[in-house]
Amino acid sequence: MTSPVRPCAGRARAACQDADPGLFFPIVWDDQAGQRAEQARSICRACPVQAICLDWALRTGEPDGMWGGTTPEERRRIRTRQAQATA
Ligand code: SF4
């Protein structure tokens, strides 16, 4: 199984290209979810397009998965702070 195609990154540049997609889009929420999120976050930290990926996910309101090293809940908090800063 291959990693999901990231519209924000050329597949050749995305660090998650060959990673387990289950790390980035977990299907099962069990007691390993935090560990998987940390594994995905570690891959994102080494990704050359992390900033682009996160920016894309924030601008599009991507509701699922790990993008740019952030979980959906983390992106919701970032978007809330951004909205408050511009209000
Ligand atoms: S930042 Fe993370 S999710 Fe985004 S392309 Fe890079 S490795 Fe994949």
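Predicted model: local features only at pLDDT ≥ 70, side-chain atom pairs only at ≥ 80, totals over all residues.
1. Salt-bridge network. Glu38, Arg41 and Glu74 are linked in a network of salt bridges. A search of the whole structure finds six salt bridges. The points below take up several pairs by name.

2. Glu73 and Arg76. Glu73 forms a salt bridge with Arg76. The closest N and O atoms of this pair are 3.2 Å apart. Both residues sit in helix α4, which covers residues 72-86. Because they are three residues apart in that helix, about one helical turn separates them.

3. Glu73 and Arg77. Glu73 also has a salt bridge with Arg77. Here the closest N and O atoms lie 3.6 Å apart. Glu73 and Arg77 are both in helix α4, with a spacing of four residues, about one turn of the helix.

4. Is Glu73 buried, partly exposed or exposed? Glu73 has a relative accessible area of 38%, so it is partly exposed. Arg76 is at 40% relative accessibility and therefore counts as partly exposed. Arg77 is at 42%, so it too counts as partly exposed. The cut-off matters for these calls: exposed means over 50%, buried under 20%, and partly exposed is in between.

5. Asp55 and Arg59. A salt bridge joins the side chains of Asp55 and Arg59, at 2.8 Å from N to O. Both residues lie in helix α3. They are four residues apart, about one turn of the helix.

6. Ala51. Where does Ala51 sit? Ala51 belongs to helix α3, residues 50-60. Its relative accessible area is 61%, so Ala51 is exposed. Ala51 and Trp67 are 16 residues apart along the chain. Their C-alpha atoms are separated by 9.6 Å.

7. For checking in the viewer. In helix α3, look at Asp55 and Arg59, with Ala51 in that helix as well. In helix α4, look at Glu73 with Arg76 and Arg77. Then inspect the network of Glu38, Arg41 and Glu74.

Technical notes: Residues numbered from 1 in each chain as written. Heavy atoms only, no water. Helix = DSSP H or I, 4+ residues; strand = E, 2+ residues; numbered from the N terminus. Buried < 20%, exposed > 50% of the residue type's maximum accessible area, 1.4 Å probe, protein only. Salt bridge = Lys/Arg side-chain N within 4 Å of Asp/Glu carboxyl O.
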